[in-house]
Amino acid sequence: MSASRSKYRREHTNQTWGITIVQEKAARINQEINAPEVRLIGVEGEQIGVVALAGANRMAEEAGVDLVEIAPTAQPPVCRLMDYGKFRYQESKKKHEAKLKQKQIQIKEVKFRPNTDDGDYQIKLRNLISFLEEGDKAKVTLRFRGREMAHQEFGVRLLERVRTDLDPYATVEQFPRMEGRQMVMVLSPRKKEVKTGKPKEPKQNSTNGTETSPDSGSAHP
């Protein structure tokens with residue numbers, strides 16, 4: 001068996017084989033296992049029982065698979081018969097697929113000026129809403145030029161307006177602060193709330209005190 005297999009680190013739970021490979025240490029396989037006896041699990045997950053290490057290695061060779069130590073701290077250690085190369089390939093494939101499915105959060109920047117007119121403001125605001133609804137963060141940058149630095153209060157008011165208009169969509173991650181000649185604010189998308197429907201209560205019939213089903217509309221004695 002290839003010695004490179006032993007370098008695989010125990011950091012995943014394999015649903016196919018129904019085992020959890022422990023973290024911290026590298027998995028030992030075949031001749032790397034040094035316990036005198038092991039508790040053996042078969043290829044199909046069946047419990048074989050406690051057997052001598054030599055016997056376990058012999059069974060692995062006869063089945064054309066590997067002997068893999070999956071619980072080294074147990075007494076005796078627990079080992080399983082499996083195709084270790086196939087196991088590693090499946091784990092690598094699942095990890096790659098999970099990584100592809102993960103949403104990569106980006107920071108989208110929208111730039112303002114202290115004197116941004118209302119039409120341009122609304123366009124930029126719609127862009128910010130779009131970014132936030134897609135799950136991305138938004139960086140709002142307001143740049144001062146020349147004498148505008150002497151009237152930073154106008155920039156503060158504009159960012160406050162942006163924050164207020166975006167309140168249904170975002171929370172402030174970084175409040176406005178100066179970075180050179182520009183004022184920066186970072187917004188994070190709000191977490192979507194899961195709404196649960198309130199169950200209907202049975203109506204009380206005022207004439208005879210019986211409950212009426214909301215589906216049938218008829219009183220039950």
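In strand β4, Ala-52 is the bridge partner of Glu-37. Glu-37 itself sits in strand β3. Helices (H or I, at least four residues) and strands (E, at least two) are DSSP runs, numbered from the N terminus. β3 and β4 pair in the antiparallel sense, over five bridges. Two strands pair if DSSP finds at least two bridges between them.

A word on the source. This is a predicted model, where local features need pLDDT of at least 70, side-chain atom pairs count only at pLDDT 80 or more, and totals for chains, interfaces and linings use all residues. Residues are numbered from 1 along each chain as its sequence is written, and side-chain values use heavy atoms, with hydrogens and water left out.

Back to Glu-37. The cut-offs: buried is under 20% relative accessible area, exposed is over 50%, and partly exposed is in between (1.4 Å probe, protein chains only).

Which residues does Glu-37 touch? Leaving aside residues up to four places away in sequence, they are Val-50, Val-51, Ala-52, Leu-53, Pro-76 and Pro-77. A contact means heavy atoms within 4.5 Å. Take Val-51. Glu-37 and Val-51 are 14 residues apart in sequence, but 5.6 Å apart in space, C-alpha to C-alpha.

Look at the turn next. The hairpin of β3 and β4 has five residues between the strands, and Gly-45 there takes a positive phi near 90 degrees.

Now the sheet around this hairpin. Four strands form an open sheet, in the order β4-β3-β6-β5, and the pairing is mixed. The edge strands are β4 (47-52) and β5 (66-71), each pairing on one side only. On average, neighbouring strands of this sheet are turned by 35 degrees against each other, direction ignored. Axes here are lines fitted to C-alpha atoms, for helices over the stretch in contact, and angles run from 0 to 180 degrees between N-to-C directions.

On to the parallel pair. Strand β3 (residues 37-41) and strand β6 (residues 78-82) run parallel, joined by three bridges. In β6, Cys-79 is the bridge partner of Leu-40. Helix α1 (residues 53-63) packs on this sheet and touches β3, β4, β5 and β6. The direction of α1 makes about 125 degrees with that of β4.

What in α1 is buried? Leu-53, Gly-55, Ala-56, Asn-57 and Ala-60 are. These buried residues pack against β3, β4, β5 and β6. After α1 comes Gly-64, with a positive phi near 70 degrees.

Four strands form an open sheet in the order β7-β8-β10-β9, with mixed pairing. β7 (107-112) and β9 (170-179) stand at the edges with a single partner strand each, so one side of each has no neighbour in the sheet. The twist averages 20 degrees from one strand to the next.

β7 and strand β8 (residues 137-143) pair in the parallel sense, over six bridges. In β8, Lys-139 is the bridge partner of Glu-109. Helix α3 (residues 118-133) packs on the sheet, touching β7, β8, β9 and β10 (182-189). The direction of α3 makes about 170 degrees with that of β7. Helix α4 (residues 152-165) also lies across β7, β8, β9 and β10, running at about 10 degrees to β10.

Why does Gln-182 count as buried? Because its relative accessibility is 18%. Not counting residues up to four places away in sequence, Gln-182 touches Thr-141, Leu-142, Arg-143, Phe-144 and Arg-177.

Next, the pocket. The largest pocket has a volume of about 200 Å³. On a 1 Å grid over the protein atoms alone, a pocket is an open set of points where a 1.4 Å probe fits, with protein on both sides within 12 Å along at least five of seven lines; lining residues have an atom within 4 Å of a point. The volume is the space filled by probe spheres set on the points. The lining is Leu-132, Glu-133, Gly-135, Pro-168, Tyr-169, Pro-189, Arg-190, Lys-191 and Lys-192. That divides into four nonpolar, one polar and four charged.

Last, the whole chain. There are four helices and 12 strands. Of the 221 residues, 33% count as buried. Among contacts between residues at least 6 apart in sequence, 55% join residues at least 24 apart.

Notes: Nonpolar A, V, L, I, M, F, W, Y, C, P; charged D, E, K, R; others polar.
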